[in-house]
Amino acid sequence: MSEAIIKEVIRKLESVLQPENTTHYRYGDISGASWTSRKSHLSEVINEMRMVLDFSRERESGERSKLNHLLADFAEIAQVSEDIITLHGLGFYEEMHHVLEWMKKTRKRMLKFGDGEGVSSSQSVGDEGVVLGLEKDVEQLIYRVILGEAILNERPRLVISCIKGMIGAGKTTLARQVYNHPDIVETFELRAWVTISSSDTSTHEVLVELIQKLVGHVKDPLSLDEMDNRSLQSMLWEMLEGMPYFIVLDNVPKGMWLRSIFDGLPYKGCRGCNLLTTSRYQITEDDFYTHEMKPFDSNKSWQLFSRTIDNFTSCENKFSKELERKGRDMLKKCGGLPLAIIDVARQKAKQRLLGIEWDELFDSIDLGESLKLFEPVYHGLDDQLKACFLHMSFFKENATIRGEKLRHIWAAVGLNTERSIPYMANEECMHNVRSCIEELVCESIIELVNDSEFFRYRMNPLLYELSIKKAEENIGFEILRSNGNNGHSQNPRHRVIHCGRDKFNHSTNQDNEHLVSLIFHGGGRYLDDASQSYWKSFELLRILDMEDFGVKTLSETIGTLIGLRYLGLRNNYIQEIPHSLGGLEMLEVLDIAQNFMMELPNIINEMGSLRYLYMSDVICRKPLKVDVLQMLEILAYISIYDWTYEVSSLEKMTRLIKLGTEEVDENSDVNMLFASLAKFKRFLQLNLQGFRFRSMPCLDKIGVLHGLRKLRLDGRISRLPSAINFPQTLEYLVLVNTCLDEDPMPVLQEIPKLGVLRMRNAYNGRKMAIGNYGFKNLCVLRINELWNLRELRIEEIGSTFLQELEIKNCPLLETLPERIEAMVFLRKLKMVTTKHIATKIRNSSSFPNILEVDISP
């Protein structure tokens, strides 16, 4: 049946391309060139269908019958493409492009068919041993997301939720706790749990499984297998319509055509319609809420570990404080993952039953079995993401990594991470950018640590260990340690050196001629003990990173590294840069920030390839001649008195996107600065940093920066510009240490496109009020260290679309805005305050519509 459907769709779509039909299907005002492009796109859709039919015919009969489920998925996607053309013609290019992408994904899954086992109908959803630390998660999902929507939502609809997290994070365990909770069992008469145990499982199989579980008994199960997806959707819809239901799809793989399942679920005018999914991946369909699984902290890790041991040994084990300390240190390697903690606990319990003392057992940890569970994560990545994953081994374990550094390192080593559109300064608005970093976050491989205005990322220790293992196997990666515990590679290409306080033995470090990357971690006397000729042996080096290494001096011979693309010297004790660095003509990234009173000779001007220059707290002996840096995209920071204002110079800098200026005081001519920056067509981001305790001058002329999207003001200002004097394109605003005396909200709420507002020590007053129709596009508001603030008021129609509200360190603010419970889009509320105020607010408010509430001292 599926093949017949696809053939019929091909016939109908091919008729669209016939000359006599082009007038009938030509929809909207489409130019000739665009029309040709759309016909080419439709031809590509038809070609995808033909390739799938050819692939299916080539399979043997037994294998073809197994593929029929995925073929049914593909047939439904083909029908969707026909619907789009029939209803809208070729004018709906975006929808057809989306359909084509899903066709390609489904065909790719068919080509990889057979790696898994399909739907697991016998999966138990009962209790599973020791369960710990999920009480708040269960409460949030049940009472805020599931039952809260079912009872309180004024517009009844299907509620879609996703539990997302890496392997071993406890996604399925949490889903089982929710599924079997007495309140869920009592509320939902119709419940179904489907576990998807392979990446090639089709939505056709899931639809069949749901019908069988919800009906209880089907006279002829084979008849369901033979039905097409749309017939199954109609059957499922009729079964569920008007009934409250709760469905769990466990372990949803990447690339599954979820729209097919959604189309079988009643979604309008129905109360108590719930679909809960668990997945490593971000579900990109219309999911209502994503619940991120966080790793266990030290306390929860220890509790789970000790209870698992007690459960396994059938007795209560007592540990001294010293043993507990050793155990907690050992468990850090598990990265807070319940699966790994339980695995280690069982290992230790078995060894204890064999008579080994706890003192010996807590000295080491074997994560070999746990690491094997993560192997499929690596193998499931495409080639580009695999390369990015391997290069995460360059960083420290548990390191919080700046997003810009990740991008720079990957680019310098030769990885192309520009997947769609060019870099944009306003990262919070990059919803359509499919960069490698975002994909690794979506696949739960790296974690976004969004605790400040800067984007930072972290990798779980277990995945970090896997990245090291795979990097050693695939890219010639090695680690050298001063304690002699080294992992050598033959002809290494990438080397990380971990230094302690001991003297490093340079005799173990001779294979330098093949090195592309050299990264230093720790400290010690490594470079102090190196000879002057040390740097001359690195002929192919592209990356040299010594951030946080404690370097005091650099040898002049470092200038022989003529192939260097990235040089990271941030946060050291270097007082003077060698003149020889001027010879690094291929250098693209130079990070010398936070070296505190470093003096920079006049060498930057010689680096014609420089694209990114970070030099906060650096003293230039002569003003920086930025006009020679024609490739420069980011410059942060430079003294406002070192900036050039010559028109002839600025005309050469066509690529500048971001500028950070410091030492801005009342004597600074900021109007002249703004006028000079207005000449840059690509300019998106400006950071202004004041000088000590002096005030910055009037900023009324900043509105000439017509394309500015992100602005950071750090330092005292007497008043803000009026709303009309702000750049009307501004989307992201940060106010730090501005110490305003007047309430800034009446001005800021009138900036038309402002989506994110962060304030830290920005206002001295007691009251702050957002008026009616204020902040028409504000999604995120974060305020911190407003020490005198006693009242935050939001009028009836103010901040209508606010999604996240964070209040930290405002010790006199004892109440939240009265209207907060009526803000229908508000999904996240976080407040860090005194213990007394936290208890008071928790007891006085229910926040029924807010999904994530964290009010803590």
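A total of 42 salt bridges was counted, a salt bridge being a side-chain nitrogen of Lys or Arg within 4 Å of a carboxyl oxygen of Asp or Glu. The structure is a predicted model, in which local features need pLDDT of at least 70 and side-chain atom pairs count only at pLDDT 80 or more, while totals for chains, interfaces and linings use all residues. Side-chain values use heavy atoms, with hydrogens and water left out, and residues are numbered from 1 along each chain as its sequence is written.

Glu547 lies in the loop between strand 13 (543–545) and strand 14 (566–568), and Lys405 in helix 19 (residues 403–412), so the pair ties together parts that are 142 residues apart in sequence. Helices (H or I, at least four residues) and strands (E, at least two) are DSSP runs, numbered from the N terminus. Both Glu547 and Lys405 are buried; buried means under 20% relative accessible area, exposed over 50%, and partly exposed in between (1.4 Å probe, protein chains only). Glu547 and Lys405 also belong to a network of salt bridges that links them with Arg402, Glu404, Asp545, Arg570 and Asp591.

A second salt bridge is formed by the side chains of Glu806 and Arg782, at 3.5 Å from N to O. This pair links distant parts of the chain, with Glu806 in strand 30 (residues 804–808) and Arg782 in strand 28 (residues 780–784), 24 residues apart. Glu806 counts as buried because its relative accessibility is 17%, and Arg782 counts as buried at 7%. In the salt bridge between Lys318 and Glu316, the closest N and O atoms are 3.1 Å apart. Lys318 is exposed, at 67% relative accessibility, and Glu316 is exposed at 59%.

The C-alpha atoms of Val99 and Val45 are 8.4 Å apart, although the two residues are 54 residues apart in sequence. Cys698 is placed in the loop between strand 22 (695–696) and strand 23 (710–714) and is partly exposed, at 40% relative accessibility.
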